[in-house]
Amino acid sequence: MTDAHKGTEWIAFLTPSRDGLASAPTPEEAALIGAHFRRLVQAAESGDAVLFGRTTDEAERPPMGIVVFRAATREDAKAWMADDPAVDAGLMRCEIRPYQIAGGAPGVLGDG
């Protein structure tokens, strides 16, 4: 992505494609999830991703991840998430919606 996307945020909701994925991935799945995580770290370092994380209560309900990121258009947002290794491999389902950041704690949004 380029500077042209600045100011246009999106939120991706990620859900596992099977029960137990988060707690007991196969070696192949674990490798893809690792690549997914490294991609998000790199995106955060470049400013393309604002924040990302996942729920931790999978004993009570299926886990969900979120990624707040920047892209110029809906098509760019869909393409960026489709290129994610876990999404591309079908390990995670992804729903993308437009998102507007209204504020955040100091340092979370790159302001200190």
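**View 1. Ala22 in the loop between β1 and α1****.** At 35% relative accessibility, Ala22 is partly exposed (buried is under 20% relative accessible area, exposed over 50%, and partly exposed in between, with a 1.4 Å probe and protein chains only). The loop that holds Ala22 runs between β1 and α1; helices (H or I, at least four residues) and strands (E, at least two) are DSSP runs, numbered from the N terminus. Leaving aside neighbours within four places in sequence, Ala22 is in contact with Arg54 and Pro63, where contact means heavy atoms within 4.5 Å. Ala22 and Pro63 are 41 residues apart along the chain, and their C-alpha atoms are separated by 7.4 Å. The model is predicted: local features need pLDDT of at least 70, side-chain atom pairs count only at pLDDT 80 or more, and totals for chains, interfaces and linings use all residues. Residues are numbered from 1 along each chain as its sequence is written, and side-chain values use heavy atoms, with hydrogens and water left out.

**View 2. The open sheet of 4 strands****.** The strand order is β2-β3-β1-β4, with antiparallel pairing; two strands pair if DSSP finds at least two bridges between them. β2 and β4 stand at the edges with a single partner strand each, so one side of each has no neighbour in the sheet. On average, neighbouring strands are turned by 15 degrees against each other, direction ignored. Strands of a sheet pair through backbone hydrogen bonds, in either a parallel or an antiparallel way.

**View 3. Strand β3 and its partners****.** Strand β1 (residues 9–16) runs antiparallel to β3 and is joined to it by 6 bridges. One of the bridge pairs is Glu9 with Arg70 in β3. β2 and β3 are also antiparallel, with 5 bridges. Leu51 stands opposite Val68 in β3, and Arg54 has Gly65 in β3 as its bridge partner.

**View 4. Gly65 in strand β3****.** Gly65 is buried, with a relative accessible area of 10%. Apart from neighbours within four places in sequence, Gly65 is in contact with Ala12, Phe13, Leu14, Gly53 and Arg54. Asp76 is 11 residues from Gly65 along the chain, and the two C-alpha atoms are separated by 20 Å.

**View 5. Trp10 in strand β1****.** Trp10 is buried, at 6% relative accessibility. Not counting residues up to four places away in sequence, Trp10 touches a list of residues that includes Val67, Val68, Phe69 and Arg70, as well as Ala77, Ile96 and Tyr99.

**View 6. The largest nonpolar core****.** A nonpolar core is a set of buried Ala, Val, Leu, Ile, Met, Phe, Trp, Tyr and Cys residues joined through side-chain atoms within 4.5 Å. The largest has 18 residues, and those with the most contacts inside it are Val67, Phe69, Trp80, Met81 and Ile96. Two or more residues come from each of β1, α1, β3, α2 (74–82), α3 (85–88) and β4 (92–99).

**View 7. Helices across the strands****.** α1 lies across β1, β2, β3 and β4, and runs at about 150 degrees to β2. α2 lies across β1, β3 and β4, at about 155 degrees to β4. Axes are lines fitted to C-alpha atoms, for helices over the stretch in contact, and angles run from 0 to 180 degrees between N-to-C directions.

**View 8. Ring contacts of Phe37, Phe52 and Trp80****.** Rings of Phe, Tyr and Trp (its six-membered ring) pair if their centres lie within 6.5 Å; planes under 30 degrees apart count as stacked, over 60 as edge-to-face and the rest as tilted. By this rule there are 2 aromatic pairs. In one of them, the ring centres of Phe37 and Phe52 are 5.8 Å apart and the planes are at 75 degrees, so the pair is edge-to-face. Phe37 belongs to helix α1 (residues 27–46) and Phe52 to strand β2 (residues 49–54), 15 residues apart. Phe37 is partly exposed at 47% relative accessible area, and Phe52 is partly exposed at 28%. Arg39 lies over the face of Trp80, 4.2 Å from the ring centre; a charge sits over a ring if NZ of Lys or CZ of Arg is within 6 Å of the ring centre and within 35 degrees of the ring normal.
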